[in-house]
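Open the model in a viewer and keep the selection panel at hand.

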Amino acid sequence: PKIYIFPVDEYKALNPFAEEEMNSLEEMLSDPDRDLQSEDYLPFLPPFNAAQIFRVLVGRLESENGRGIRYLTEYAQDYVAITNEHIFYTYQGFSADGRYYIAAVLPIHSSLLEGNENALPETVASQEDYDNMVAREMEKILAQNGGLLTPAIEALDAMMMSITILK
């Protein structure tokens, strides 16, 4: 579990990828009608040396301390099962004054993802099979609002919205 706080201007100047991610998030946040759950990719910092496999239970969060998005996700470099071992809660957002980027990578457990933590179904033999498996897992998680999540997603949301940056 990690919570990162980056000064926006300095991080943008240091890393062009970070600048793209921050600009993308700002664009998403500025359009309240945008359906974030249907996005093929959601902004994520710090950079991981892997690909975003899925994103689910996307929510917009806003308080007097800041604004951003949260979602459950999994990153990998190869075909991997969607499991409690791999998924995590992330918050990606800005402090209220926009000077800081706040990112969280926090473990979470879903009652819907029980079973062998490392095995892929035998039916996954191609990219199309894998994409279909991921889509089914996302649908299952969405349909049951994550199942029983530990810790509760509302508690993680509240924690992230309570972060205050002192100047």
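Start with contacts (heavy atoms within 4.5 Å): among those in the chain between residues at least 6 apart in sequence, 64% join residues at least 24 apart. This is a predicted model, in which local features need pLDDT of at least 70 and side-chain atom pairs count only at pLDDT 80 or more, while totals for chains, interfaces and linings use all residues. Residues are numbered from 1 along each chain as its sequence is written, and side-chain values use heavy atoms, without hydrogens and water.

Next, colour by secondary structure. The chain holds four helices and seven strands, taken as DSSP runs (helices H or I, at least four residues; strands E, at least two) and numbered from the N terminus. Their order from the N terminus is β-α-α-β-β-β-β-β-α-β-α. The C-alpha trace spans about 55 × 30 × 30 Å along its principal axes.

Now select residues 66–76, strand S3. Is this strand enclosed or open to the outside? Ten of its eleven residues are buried, so S3 is largely enclosed by the rest of the structure. Buried means under 20% relative accessible area, with a 1.4 Å probe and protein chains only. Over the 167 residues of the chain, 46% count as buried.

S2 and S3 pair antiparallel over ten bridges; strands pair if DSSP finds at least two bridges between them. Pick Gln52 and find its bridge partner in S3, Tyr75. A hairpin of two residues joins S2 to S3.

Finally, select residues 88–95, strand S4. S4 pairs with S3, also antiparallel, over eight bridges.

Terms used: Buried means under 20% relative accessible area, exposed over 50%, partly exposed in between (1.4 Å probe, protein chains only).
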